[in-house]
Amino acid sequence: MIVLASQSASRRAMLTAAQVPFETLSPGVDEEAAKDALRADGLDARALADALAELKALKVSRRVPGALVLGCDQTLSIGDGPDRGAMIDKAVDRADATRILQLLSGRVHHLHSAAVMVLNGEPIWRHIERVRMTVRPLSDAFIAAYLDSDWEELRWCVGCYRIEGPGAQLFSKVEGSQFAIQGLPLLPLLDFLRVRGVLAA
């Protein structure tokens with residue numbers, strides 16, 4: 001049994017489908033404040049995802065001594081152009097979502113999906129995967145219709161898409177794991193859980 005320090009529906013669904021025994025506890029982290037503080041320290045997108053995943057796991061680990069606690073986070077960075085490396089956050093509202101999709105249109109970006117396992121307040125395993133995502137050119141009409149169709153779900157997603165839903169229509173090419181796109185580097189996690197004896201080898 002592990003404890004997932006997240007309320008993410010997609011992460012819960014992946015663990016359930018893979019038959020990983022788990023329970024969930026909210027880490028109670030002010031993500032925006034933590035993100036701002038870590039960015040002020042100069043962390044790039046990859047390091048930021050790792051640090052936020054660790055922070056969430058550490059917060060929950062204090063409440064469940066002896067339990068394996070999994071923290072996860074995901075960041076998005078622009079992969080090409082003059083603003084290469086710039087990070088994109090979740091949309092604050094629909095107008096912001098339109099702006100984000102227009103920015104990503106016809107361009108490459110990277111998703112950084114981090115997972116950190118903590119035991120008794122100490123990180124004992126971590127993995128970060130990067131996925132290279134190429135967005136096809138998107139018309140304003142497509143963006144408007146897309147937001148109409150899935151706004152209540154995608155508003156919580158970095159990059160304004162769910163790859164397992166209508167968001168698949170945004171892309172011309174994806175290089176990397178779909179599990180990582182959904183927010184969890186699942187296959188490396190399963191390897192770790194087999195080594196720990198949580199799952200059968």
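**View 1. Surroundings of Gly159.** Gly159 touches Leu76, Ile100, Leu101 and Leu104, leaving aside residues up to four places away in sequence; contact here means heavy atoms within 4.5 Å. The model is predicted: local features need pLDDT of at least 70, side-chain atom pairs count only at pLDDT 80 or more, and totals for chains, interfaces and linings use all residues. Residues are numbered from 1 along each chain as its sequence is written, and side-chain values use heavy atoms, with hydrogens and water left out. Gly159 is in the loop between helix 5 and strand 7 (171–175); helices (H or I, at least four residues) and strands (E, at least two) are DSSP runs, numbered from the N terminus. Gly159 is buried, with a relative accessible area of 0%. Buried means under 20% relative accessible area, exposed over 50%, and partly exposed in between (1.4 Å probe, protein chains only). The C-alpha atoms of Gly159 and Ala91 are 7.8 Å apart, although 68 residues separate the two along the chain.

**View 2. The buried side of helix 4.** Helix 4 (residues 94–104) has Asp96, Ala97, Ile100, Leu101 and Leu104 buried. These residues are on the same side of helix 4, because they cover an arc of only 135 degrees around the axis; the arc is that of the directions from the helix axis to the C-beta atoms. The buried residues of helix 4 pack against strand 3 (68–78), strand 4 (87–88), strand 5 (108–119), strand 6 and helix 5.

**View 3. The two ends of helix 4.** At the start of helix 4, a side-chain oxygen of Asp93 comes within 3.3 Å of the backbone nitrogen of Ala95. Gly106 follows helix 4 and has a positive phi, near 70 degrees.

**View 4. Trp125 and Phe192.** There are 3 aromatic pairs, counted when ring centres of Phe, Tyr and Trp (its six-membered ring) lie within 6.5 Å; planes under 30 degrees apart count as stacked, over 60 as edge-to-face and the rest as tilted. Trp125 and Phe192 form a stacked pair, 5.2 Å centre to centre with 25 degrees between the planes. Trp125 is in strand 6 (residues 122–135) and Phe192 in helix 7 (residues 186–196), 67 residues apart. Both Trp125 and Phe192 are buried.

**View 5. Phe142 and Tyr146 in helix 5.** Phe142 and Tyr146 are also a stacked pair, at 5.9 Å centre to centre and 10 degrees between the planes. Both lie in helix 5 (residues 140–154), 4 residues apart, about one turn of the helix. Phe142 is buried at 18% relative accessible area, and Tyr146 is buried at 4%.

Note on methods
A polar contact is a pair of N or O atoms within 3.5 Å; within protein, one must be able to donate a hydrogen and the other to accept it, and residues adjacent in sequence count only if both atoms are side-chain atoms.
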